[in-house]
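Subject: Handover of a structure and the findings on it

Dear colleague,

Please find below the structure that I am handing over to you.

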Amino acid sequence: MNRLGILGVLMLVVASLVVIVHAQGTPVALVDPRPGQAVFNANCVACHQVTGAGIPGVFPPLKGHVPALLAVDGGRRYLVDVVLFGLAGPIDVEGQLFDSIMPPWAHLSDSQLADVLNYVVTAWDNGLLLEPGFVAYTPEEVLGVRIDAYDSTAVHDARALLDLE
């Protein structure tokens with residue numbers, strides 16, 4: 001086979017792989033975390049801290065807790081609800097009670113919210129606790145949830161339905 005033929009076969013293989021990956025979603029491990037980290041640093045760090053540990057008794061940790069949320073049915077959607085619509089009401093995280101209010105971040109773009117979600121699911125070693133091949137959040141996924149227009153109390157009620165124990 002000549003060089004042109006080999007190049008053609010390689011291009012076909014690469015194109016096929018791109019179609020397969022796109023159809024299945026991009027693994028979050030392949031997503032650049034820097035845009036999400038910038039959104040986090042501008043909007044979330046005051047409460048959840050640069051370490052993701054939160055403030056004990058005031059604001060819950062994201063480190064270690066985000067993978068626990070993602071491990072239960074409905075957890076993926078719940079995280080989108082929280083960033084879009086906020087959260088009001090007491091929650092228990094690893095045996096510690098938190099009763100603060102998280103504001104809604106619906107004024108951020110779908111892209112910014114997908115970026116920050118992808119950042120928090122991988123930061124602080126959270127990515128090591130995810131199911132293999134965990135698919136990154138997309139702006140389209142955020143948009144699909146945005147149209148539901150929940151409020152922070154409804155998000156709290158949705159959390160109660162998750163099997164977090």
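Leaving aside its neighbours within four places in sequence, with which residues is Leu113 in contact? Leu113 is in contact with Val83, Leu84, Trp105, Leu108, Val142 and Arg146, where contact means heavy atoms within 4.5 Å.

Before the remaining findings, two remarks on the source are needed. This is a predicted model, in which local features need pLDDT of at least 70 and side-chain atom pairs count only at pLDDT 80 or more, while totals for chains, interfaces and linings use all residues. Residues are numbered from 1 along each chain as its sequence is written, and side-chain values use heavy atoms, with hydrogens and water left out.

The nonpolar core

Leu113 is also among the residues with the most contacts inside the largest nonpolar core, together with Phe40, Leu70, Val121 and Tyr137. This core has 40 residues. A nonpolar core is a set of buried Ala, Val, Leu, Ile, Met, Phe, Trp, Tyr and Cys residues joined through side-chain atoms within 4.5 Å. Buried means under 20% relative accessible area, exposed means over 50%, and partly exposed lies in between (1.4 Å probe, protein chains only). At least two residues of the core come from each of H2, H4, H5, strand S2 (91–93), H6 and H7. In these labels, helices (H or I, at least four residues) and strands (E, at least two) are DSSP runs, numbered from the N terminus.

The largest pocket

The largest pocket has a volume of about 480 Å³. A pocket is found on a 1 Å grid over the protein atoms alone: it is an open set of points where a 1.4 Å probe fits, with protein on both sides within 12 Å along at least five of seven lines, and its lining residues have an atom within 4 Å of a point. Grid points are joined across faces, edges and corners, and the volume is the space filled by probe spheres set on the points.

The lining consists of 31 residues, and His48, Pro60, Leu62, Val82 and Met102 lie nearest the centre of the pocket. Two or more lining residues come from each of helix H2 (34–43), helix H3 (45–48), helix H4 (65–70), helix H5 (75–85), strand S4 (101–102) and helix H6 (110–122). Of these elements, H5 gives the most, with four residues. By class, the lining has 25 nonpolar, five polar and one charged residues. Here Ala, Val, Leu, Ile, Met, Phe, Trp, Tyr, Cys and Pro count as nonpolar, Asp, Glu, Lys and Arg as charged, and the others, Gly among them, as polar.

Salt bridges

How many salt bridges does a search of the whole structure find? It finds five, a salt bridge being a side-chain nitrogen of Lys or Arg within 4 Å of a carboxyl oxygen of Asp or Glu.

One of them joins the side chains of Arg76 and Glu141 (2.7 Å, N to O). Arg76 lies in helix H5 and Glu141 in helix H7 (residues 139–146), so this pair ties together parts that are 65 residues apart in sequence. Arg76 is partly exposed at 23% relative accessibility, and Glu141 is partly exposed at 24%.

Another joins Asp81 and Arg77 (2.8 Å, N to O). Both residues lie in helix H5, four residues apart, about one turn of the helix. Asp81 counts as buried because its relative accessible area is 3%, whereas Arg77, at 30%, is partly exposed. Salt bridges that share partners join Arg77, Asp81 and Asp148 into one network. Not counting residues up to four places away in sequence, Asp81 touches Gly86, Val145, Tyr150 and Val155.

Residues in the loops

Ala136 lies in the loop between H6 and H7 and is buried, at 5% relative accessibility. Not counting residues up to four places away in sequence, Ala136 touches Thr26, Pro27, Val28, Val31, Arg76, Asn118 and Glu141.

Asp125 is found in the loop between H6 and H7. Asp125 has a positive phi of about 70° although it is not a glycine, and it is exposed, with a relative accessible area of 51%. In the loop between H7 and helix H8 (152–161) lies Ala149. Ala149 is not a glycine either, and its phi is positive, near 50°; its relative accessible area of 58% makes it exposed.

Yours sincerely
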